[in-house]
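Subject: Structure handover

Hi,

Here is the structure I promised to pass on, with my notes below it.

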Amino acid sequence: MQSLDIKPTVGLIACCECGVAIEPNPANMCSGCLRSRVDITEGITRQCTIYMCKFCDRYFVPPSAWMRAELESKELLSICLKKLKPMLTKVRLTDACFVWTEAHSKRIKVKITIQKEVFTNTILQQAVVVEFTVHSQLCDDCRRAEAKDFWRACVQVRQRAEFKKTLFYLEQLLLKHSAHKECTGVKPVPTGIDFYFAKQQEARKFVDFLMTVLPCKYHYAQELVSHDTKNNTYDYKHTFCVEIVPICRDNIVCLPKKQAQQYGNMSQIVLCLRVSNVITLIDPNNLQLVDVQATNFWREPFDSLCGPKQLTEFYVLDVEPVNNFERKAGHGYVSKKHELADVWLVRSDQVGMSDAQSLSARTHIGHLLSPGDLVMAFDMKNCNVNNATFDAMNIDNVPDAIIVRKVFDRTRRTAKRQWKLKRLVVDGNIVGNETASVADEFQGFMEDIEEDALMREKINIYKDAEKGPNVDGDDAEDHPDAPTLAEMLDDLKFDDEEMKEAESAEDDEAMQE
């Protein structure tokens with residue numbers, strides 16, 4: 001016998017409300033009538049609020065997190081749904097999407113589709129649009145940055161020196177490389193500068209920058225601010241103390257005998273030519289140059305014999321160039337930009353006096369000197385120096401004087417200077433306590449830049465638009481070689497007056513047409 005597959009048919013019934021034929025269900029109502037009687041969206045708010053930081057454009061994620069999200073992105077959608085999560089505990093979320101809204105309206109519309117079992121085996125699905133209003137609220141990081149006095153890490157830059165030339169050089173390096181952009185505050189102190197940061201990583205990155213541009217070392221310390229015993233978390237303030245070598249440009253140093261031999265049998269009394277990422281020393285007796293690394297200096301430190309305040313002005317009586325100078329075997333690198341010369345000097349306040357005492361000195365700037373010039377030198381014969389290394393030297397190896405630099409007319413140099421340097425400005429004030437003495441030291445720093453081309457290569461020099469072209473016919477010997485136009489940068493400024501004139505010209509043309 002053949003079996004017959006008989007499919008059962010489901011009979012239709014009339015809806016108890018509207019009479020429409022429907023399949024039987026526990027409610028005996030159609031979907032329209034069921035939706036009109038039962039609202040599964042009850043308890044879901046149609047208006048909600050989310051918070052965004054107006055400085056960093058991050059959204060607040062409860063309880064304490066902040067997340068960066070673009071408009072109509074899945075990250076922003078997750079933030080909105082987390083806000084609705086307590087209201088969706090009794091329903092099932094099946095779909096969610098954005099409804100387009102204007103970007104500047106501070107309104108975000110999200111359409112969600114939910115399902116709920118209203119009766120036995122009866123599931124109702126419904127869609128609802130929730131409008132989120134975006135309110136502004138500062139995040140913790142931005143609030144701390146706006147407070148100005150808040151910091152989690154501090155970098156204390158110190159130099160035990162009388163003059164601030166190295167700190168001025170550091171200021172120009174910071175401006176060129178924008179290494180201070182993460183600072184929340186900068187505070188000058190008598191012996192250096194304090195830099196404050198909101199994060200320890202930013203401070204450590206700043207310290208790494210200092211270690212690459214200056215010969216220095218640092219010490220690290222931390223201070224406990226608070227401690228949560230429940231989750232075993234600690235809150236610290238971190239401090240990095242960076243110590244720059246106490247040697248500045250134009251300082252005379254006295255090297256230990258063993259150390260001078262290691263540098264190529266140099267003289268023990270040498271002159272600091274410049275301080276960059278290394279300390280460059282030059283021997284005025286034979287033009288030998290040596291670059292002292294920071295690690296070598298801190299391993300075998302040497303002190304400064306005298307600074308710029310101990311220099312005396314001398315009058316040059318006579319200059320004799322030293323030609324065919326024979327150096328000892330094993331000497332180091334010899335400078336090609338300097339020339340040896342024997343110079344006879346007399347104090348400038350004793351010129352013309354019968355009892356004036358003349359001194360002889362060998363110098364490395366023989367190409368700049370001529371009889372009648374003024375120089376700044378250190379009188380070794382009549383000085384009073386408290387230095388154990390200098391006291392142990394043989395008196396025959398001590399020169400009468402050490403010439404540091406030639407004296408130029410500062411007034412003429414300032415008038416001829418057609419370039420300028422930018423300063424580190426924080427909160428409208430120049431960092432460094434711009435007193436009269438500091439301003440005078442900064443002028444000396446600018447003069448050092450004019451005399452040292454290698455230093456100019458590492459910083460930014462800008463054209464001074466306030467000064468016109470130099471038409472003075474003075475001799476170039478009266479001042480050192482100034483920075484060329486190729487070394488200067490144009491100072492970018494947005495002139496609103498020119499823009500207004502251009503706009504007014506366009507309006508006149510439009511009216512004429």
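How many disulfides does a search of the whole structure find? The count is zero, where a disulfide is taken as a pair of cysteine sulfur atoms within 2.5 Å. For Cys80, the nearest cysteine sulfur belongs to Cys48 and is 8.2 Å away. Cys80 is buried, at a relative accessible area of 0%; here buried means under 20% relative accessible area, exposed over 50% and partly exposed in between, with a 1.4 Å probe and protein chains only. Cys272 is in no disulfide either, and the nearest cysteine sulfur to Cys272, that of Cys248, is 7.6 Å away. Cys272 is buried too, at 1% relative accessibility.

Before the rest, some housekeeping. This is a predicted model, so local features need pLDDT of at least 70 and side-chain atom pairs count only at pLDDT 80 or more, while totals for chains, interfaces and linings use all residues. Residues are numbered from 1 along each chain as its sequence is written, and side-chain values use heavy atoms, with hydrogens and water left out.

**Overall picture**

The chain has 513 residues, of which 40% are buried. The chain holds twelve helices and 29 strands; these are DSSP runs numbered from the N terminus, with helices being H or I of at least four residues and strands E of at least two. Of the contacts between residues at least 6 apart in sequence, 64% join residues at least 24 apart, contact meaning heavy atoms within 4.5 Å.

**Cores**

The largest nonpolar core contains 53 residues. A nonpolar core here is a set of buried Ala, Val, Leu, Ile, Met, Phe, Trp, Tyr and Cys residues joined through side-chain atoms within 4.5 Å. Val155, Phe195, Leu210, Leu281 and Leu421 touch the most other members of that core. Beyond its neighbours within four places in sequence, Leu281 is in contact with residues including Val253, Leu255, Met266, Cys272 and Phe302. There is also a second, separate core of 26 residues, with Ile44, Ala96, Val110 and Phe132 among them.

Leu345 sits in strand β21 (residues 341-347) and is buried, at 0% relative accessibility. Setting aside residues up to four places away in sequence, Leu345 touches, among others, Phe314, Val316, Leu359, Val375 and Ile403. Leu345 and Asp373 are 28 residues apart in sequence, and their C-alpha atoms are 10.0 Å apart. Thr113, in strand β7 (residues 107-119), is buried with a relative accessible area of 12%. The contacts of Thr113 outside four places in sequence are Arg92, Leu93, Thr94, Asp95, Gln125, Gln126 and Ala127.

**Cavities and a pocket**

There are two cavities of 30 Å³ or more. On a 1 Å grid over the protein atoms alone, a cavity is a set of points where a 1.4 Å probe fits but cannot get out, and a pocket is an open set with protein on both sides within 12 Å along at least five of seven lines; lining residues have an atom within 4 Å of a point. Grid points are joined across faces, edges and corners, and a volume is the space filled by probe spheres set on the points.

The largest cavity has a volume of about 70 Å³. Lys165, Thr166, Tyr169, Arg249, Val275, Phe445, Asp448 and Met455 line this cavity, and α4 gives the largest share, three residues.

The second largest pocket holds about 580 Å³. Its lining has 25 residues, and Asn265, Met266, Ser267, Gln268 and Lys328 are the closest to its centre. Helix α6 (residues 257-262) provides the largest share of that lining, three residues.

**Backbone points to look at**

Most residues other than glycine have a negative phi, and most peptide bonds are trans. The peptide bond from Pro62 to Pro63 is cis, with omega near 10 degrees, and Pro63 lies in the loop between β4 (58-61) and β5 (65-68). Ser178, which is not a glycine, has a positive phi of about 55 degrees and is partly exposed, at 36% relative accessibility. Asp250, also not a glycine, has a positive phi of about 70 degrees. Asp250 is in the loop between β13 (233-244) and β14 (252-254) and is buried, with a relative accessible area of 5%.

Best wishes
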